[in-house]
Amino acid sequence: MNQSDPTRTQTFPAFLDMQGRRIIIVGGGGNAERKAGRLIQYGARVDVIAEQLSPTMQSCIEDNQLTHIARAWQADDFKGATLVVAASDERQSDAEVGAAAEAAGCWVNVANQPQLSNFLIPSLVDRSPILVAITSSGTSPVLARLLTARIDAFLPHSYSELGKLAERYRDQIRQKIGNWRQRRRFWEQLLNGRIGELILQGRTQNTDQVLEQAIQDYDGDSEAQGEVYLVGAGPGDPDLLSFRALRLMQQCDVVLYDRLVSEPVMSLVNQQAEKIYVGKQRSDHAVPQESINQLLVTHAKRGKRVLRLKGGDPFIFGRGGEEIETLASESVPFQVVPGITAAAGCASYAGIPLTHRDHAQSCLFVTGHLKDNSVDLDWPALTRAQQTVVIYMGLAGLPFICEQLIKHGLPSTHPIAIVSQGTLSNQQVITGTLSTLASLVESEAVKAPTLIIVGEVVTLRDKLAWFETRH
């Protein structure tokens with residue numbers, strides 16, 4: 001037998017069936033009330049021993065029909081109890097309760113004294129029948145609560161429905177698939193596949209019917225049905241990813257990613273996934289769009305979960321519409337997860353609001369080059385008053401863009417900004433006017449990816465810039 005690691009906590013995590021079991025809480029104040037609130041929801045019979053009760057503890061006892069023993073504790077009280085919680089708010093008294101209860105053969109929790117406890121009450125994330133328990137082994141309850149809050153925020157409540165589905169069909173699947181390895185593979189395909197995704201998206205109307213058909217059709221050799229996840233990776237900062245985006249990134253089998261997907265975002269993709277770079281630049285389409293479309297179809301039809309990861313939002317100058325047109329025509333299941341588009345992300349991190357009561361009542365998004373690499377825009381529409389214009393992929397055409405905006409009516413002093421590497425630690429923002437920005441950008445050797453913002457809102461940056469000052 002291996003020797004235990006001396007650096008490892010000696011607390012063993014376990015889940016106990018408390019239905020009908022007797023728990024004793026010694027104490028009638030705030031500590032006791034908090035402990036009782038954690039324990040009574042799991043079906044135990046709770047007795048509270050205390051000579052006096054706080055108003056909240058009195059309400060807890062009445063609301064939950066607990067037994068109150070209105071006297072000091074006695075050693076005989078602990079006979080036959082499963083758990084004893086010492087929570088009188090008096091350290092010495094609680095220590096004495098703990099010693100007496102342990103002598104009676106009980107599991108004991110002494111409030112705020114983990115060294116005297118032989119069981120700890122963890123923080124819980126409840127997605128019944130799924131439970132996640134977190135403990136710091138009594139060393140830092142605040143840290144445990146912070147971690148619990150993060151997991152609670154990240155873990156969709158629909159995991160409860162996924163757990164209930166598994167509970168309903170466990171016996172039926174066990175009878176259908178006797179071999180445990182094949183059964184585990186079936187469950188993995190089920191929970192990570194289309195049925196699991198439908199439940200996590202809240203689309204539960206036909207999941208039982210679909211699952212029963214999958215069980216009926218199972219022959220031991222069937223491949224999982226593939227699916228494509230078209231996911232917006234945002235402008236670069238991984239903290240801007242949605243929870244759904246992160247979940248799909250971590251369960252994919254194959255990822256096709258763009259040049260605009262940042263390295264910090266790519267580091268969050270499943271490390272075992274096959275990674276295929278399909279990035280395109282203005283004058284270098286190494287992987288044609290048609291080939292990308294076909295790669296998505298091919299991998300999905302092989303039963304793979306295919307992540308198509310695109311910078312920004314897939315439907316804003318990301319050609320996502322073309323890709324899902326192909327998937328739909330090939331009957332390949334897919335889902336689309338929007339991302340924070342570069343206009344919103346870069347403008348926010350640059351301290352430039354896209355709309356403002358005094359400066360801009362509308363915002364227009366355009367691309368700085370078209371399919372044939374020309375810059376042929378609706379210039380009169382871009383020069384209207386009281387609006388902000390955001391130009392994607394306009395770095396190479398910046399001098400021409402500024403020239404045309406002046407030619408079509410904007411003053412040469414009209415404010416304009418360019419944001420490079422937006423939302424990342426090396427973000428660069430240059431502001432100027434239509435007559436000066438091109439030369440400023442040339443002298444600074446600005447590199448793509450960039451975003452151009454045109455409008456009076458640019459003048460607010462000096463007052464509102466926040467991101468650069470954080471570093």
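Reader: Which residues of strand 8 lie on one side and which on the other, and are they buried or exposed?

Author: In a regular strand the side chains alternate between the two faces of the sheet. Here, in a predicted model, Glu227, Tyr229 and Val231 are on one side of strand 8, Val228, Leu230 and Gly232 are on the other, and all are buried. Buried means under 20% relative accessible area, exposed over 50%, and partly exposed in between, with a 1.4 Å probe and protein chains only. Strands are DSSP runs of E, at least two residues, numbered from the N terminus.

Reader: Which strands pair with strand 8?

Author: Two strands pair if DSSP finds at least two bridges between them. Strand 8 (residues 227–232) runs parallel to strand 11 (residues 305–310) over six bridges, with Gly232 partnering Lys310. Strand 8 also pairs in the parallel sense with strand 12 (residues 334–337), over four bridges; there Val228 stands opposite Phe334.

Reader: How many disulfides does the search find?

Author: A disulfide is a covalent bond between the sulfur atoms of two cysteines. The cut-off is a pair of cysteine sulfur atoms within 2.5 Å, and the whole structure has zero. For Cys346, the nearest cysteine sulfur, that of Cys363, is 13 Å away. Cys346 counts as buried because its relative accessibility is 6%; Cys60 is buried as well, at 7%.

Notes:
Residues are numbered from 1 along each chain as its sequence is written. This is a predicted model: local features need pLDDT of at least 70, side-chain atom pairs count only at pLDDT 80 or more; totals for chains, interfaces and linings use all residues. Side-chain values use heavy atoms; hydrogens and water are left out.
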